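Visitor: I would like to learn how to read a few features of a structure. Please take me through them one at a time.

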Amino acid sequence: MRAIVTVIGKDHVGIIASVCGLLAENGVNILDISQTILQEYFTMIMLVDTSACEVSFAELANALKEKGEESCLSIRIQREDIFDAMHRI
Amino acid sequence: MINSGEILQTIEMIDQQHLDIRTITMGISLRDCAHPDIDVCCRKVYDKITKYAENLVKTGEDIEKEFGIPIVNKRISVTPVAMVAESCEADTYVPLAKALDRAAETVGVNFIGGFSALVHKGCTKGDEILIASIPEALAATGRVCSSVNVATTRAGINMDAVAKMGRIIKEAAAMTAENGGMACAKLVVFANAVEDNPFMAGAFHGPGEPECVINVGVSGPGVVHHALQAVKGQGFDVVAETIKKTAFRITRMGQLVAQEASRRLNVPFGIVDLSLAPTPAIGDSVADILEEMGLSSVGAHGTTAALALLNDAVKKGGVMASSRVGGLSGAFIPVSEDAGMIAAVEKGALTIEKLEAMTCVCSVGLDMIAVPGDTPAETISAIIADESAIGVVNNKTTAVRIIPAPGTKVGDVVDFGGLLGTAPVMPVNPNDSSAFIGRGGHIPAPLHSLKN
C-alpha cells in the first residue's frame, strides 16, 4: 500500500534522519522525497510503500505522530488514495 | 505522483478548515423484528442492531486513521419504528426506544434515528401510538432520535398530524424542562422526508431501502468559505464555479470513505449526502460563507439569493464526484449549530421570518431554533404548517426542529452541549393561529401544471 508522509514544522538539525530512521525500523520503503523550506517552516513530503511494514498502519501513524511531538513537528501518514480522490478525476 | 501543493492543500483543509466526514450512518431494516409481544420485539431489535453494527465504530476509526480524515460521527438509522411495532399488543412504544438506546450504547454510536412515523396521508394504529410515545421516549433515552413526516408533494399536508405535533413538541419540552427542552432537539417534523438521509435527528431507514446500507454525509463549510476568500469582489459566475470545484473535492473524499466503509463492513454502499453541515466551532459556519459573498450579516436582504446560489452550486459540484448522491444534499441552516447564525440572531439581524424564507432554497428547513417556553402549541403547529407548505409546493424537503425551551424568554440562551450547540431564544409572531390549526383535516396536494 502506498502512503504519503508529511512532515511540517520549524526547521532543525536531523529531521530527515530521525523520520527516515523510524520508517526503516518498521520496514517502510521510501519511494520519493521532496523537501523545502517555506518561510522558516520545514516541509517534507515522502511517498512510501508500507506493504512490508511490520506494524499496523494505526501503530505506524501513532509512532510518527509521537516522534513529531518530541521535536515540535507535525508528522502524519495518510493513504495515497485520499489525495488521488480529491485532486484527480 | 500528486504534487506537493495538492497534498498540502488537502492537509490544510483538514487541519485548519474543519474538513471532515460528518457521519457514516448504517441503515438497518427492522422489518423482520415485528412480534405481538413487545418484549420479544425489543430483544429482536437489540440483537439485530448489535449484530449488524458490531464493527461500525471500529471500521470508522480504522478508516479515519489510515486516510487521516476525521470521521466525526458513526450512527445508525432504522426502519420507522411505527412500522415495526405496529403488530405489538402494546399501548406505548417507549420500551422500543429504550431497546434502541441500549443497542446504540452497546455498539458505541452517539445517535440512532428512526423512532419515526410516516403519516402524510393519515395515521395507522401504530402511528398513533408511536407519536403519543415520542415525548417519554425522547426524555427517557439519550441517543434516540425521532421524526414524523406530515406532508408530501403528492399527498398534501395532514393538518391533524400538524396540530398533534405542536402538542407533542410542547410535551417533549416539558418532560425535559431541566435540560432546556433537550428532547425537542432530537425531534424533527418533516415534509417530503427522504429515505436515505444519514444526518440526525431526521435519519430513518426508509421502507424502500435494502436490508442494510452504508450512507455517508460529508461536510466542510470552512473549506468553501476559505475558497471564496480567494475570489473576493469577483462576479457570481466565479463564486458559483469556485463552490462547485470545492464541493467536488469534498464529495470525492466522501465517496472514497463510503466505498471503503462499505467494502470493509461488507454492506452495500447507499449514497453520499453532500451537505454543508455547520458545527458550533469557529470557522465551520454556513453563515460565514453567505457573509463572504458580501452580506454584512446573514439575515440582510440578499441572504436568500446567496443561499440559493450556494445550495445549487454545492449540488452541481458534488453530483459528478459521487456515483450516487442522495439524502438531503445542500446547505443546512441550523441556528444553534452555527456560530455565524447565532451571532446574527443575537444582534437582531436574523429572524424566524427570514429563516423561513431561506428554507425555500436551503436543503432542509427551520432547524434548531429555540423559542420562548410559553409559545402556544398551536403557534408551533402553524410554523410546521407554513414550513410544510413551502416543501409541498416547491417539491423539496422541509422540516421543523424547534425547541420551546421551558421557562425561557426572548434573549435568553439555551445550551444543548456538543454538536447541538447553543440557541438564543428567538421571538415568534404573537398573533393567535389556534382557530386555523383547530380546523384539522387535510390540505390537498398542489396542482403540478399551470405553473406561473
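**Reading the sheet, the helices and the interface**

Guide: Start with the sheet in chain A, which is open and has four strands in the order β2-β3-β1-β4, with antiparallel pairing. Keep in mind that this is a predicted model.

Visitor: What holds the strands of a sheet together?

Guide: Strands in a sheet pair through hydrogen bonds of the backbone, in a parallel or an antiparallel sense. Here β2(A) and strand β3 of chain A, residues 41-49, pair in the antiparallel sense over nine bridges. Within that pair, A:Ser34 stands opposite A:Ile45 in β3(A).

Visitor: Which are the edge strands?

Guide: An edge strand pairs on one side only, and in chain A these are β2 (29-38) and β4 (73-79). On average, neighbouring strands of the sheet are turned by 15 degrees against each other, direction ignored.

Visitor: Which helix lies across β1 and β4 of chain A?

Guide: That is helix α2 of chain A, residues 57-70, and it runs at about 165 degrees to β4(A).

Visitor: How do I read the packing of two helices?

Guide: Take the distance and angle between the axes, then the residues in contact. The axes of α1(A), residues 15-25, and α2(A) come within 11 Å and cross at roughly 160 degrees. An angle over 145 degrees counts as roughly antiparallel, so α1(A) is roughly antiparallel to α2(A). Their crossing is right-handed. A:Ser18, A:Val19 and A:Leu22 of α1(A) make the contact with A:Ala63, A:Leu64 and A:Lys67 of α2(A). By class, this contact has four nonpolar, one polar and one charged residues.

Visitor: At what angle do α5 and α6 of chain B pack?

Guide: Helix α5 (residues 94-107) and helix α6 (residues 125-140) of chain B pack at about 30 degrees, with their axes 9 Å apart. Angles under 35 degrees count as roughly parallel, so α5(B) is roughly parallel to α6(B). The crossing of α5(B) with α6(B) is right-handed. On α5(B) the contact is made by B:Val94, B:Ala97 and B:Lys98, and on α6(B) by B:Ser133, B:Glu136, B:Ala137 and B:Ala140. Sorted by class, there are four nonpolar, one polar and two charged residues.

Visitor: How many residues of chain B are in contact with chain A?

Guide: 17 residues of chain B are in contact with 19 residues of chain A. On the chain B side, the elements giving two or more residues are α1 (4-16), α3 (56-67) and α9 (236-265). α1(B) gives the most, with five residues. This side of chain B has eight nonpolar, three polar and six charged residues.

Key
Residues are numbered from 1 along each chain as its sequence is written. Chains are lettered from A and ligands numbered from 1 in the order in which they are written. This is a predicted model: local features need pLDDT of at least 70, side-chain atom pairs count only at pLDDT 80 or more; totals for chains, interfaces and linings use all residues. Axes are lines fitted to C-alpha atoms, for helices over the stretch in contact, and angles run from 0 to 180 degrees between N-to-C directions. Angles under 35 degrees count as roughly parallel, over 145 as roughly antiparallel, 65 to 115 as roughly perpendicular and the rest as oblique. A crossing is left-handed if the near helix is turned anticlockwise from the far one by less than a right angle, and right-handed if clockwise. Two residues are in contact if their C-beta atoms, placed from the backbone, lie within 7 Å. Ala, Val, Leu, Ile, Met, Phe, Trp, Tyr, Cys and Pro count as nonpolar, Asp, Glu, Lys and Arg as charged, and the others, Gly among them, as polar. Two strands pair if DSSP finds at least two bridges between them.
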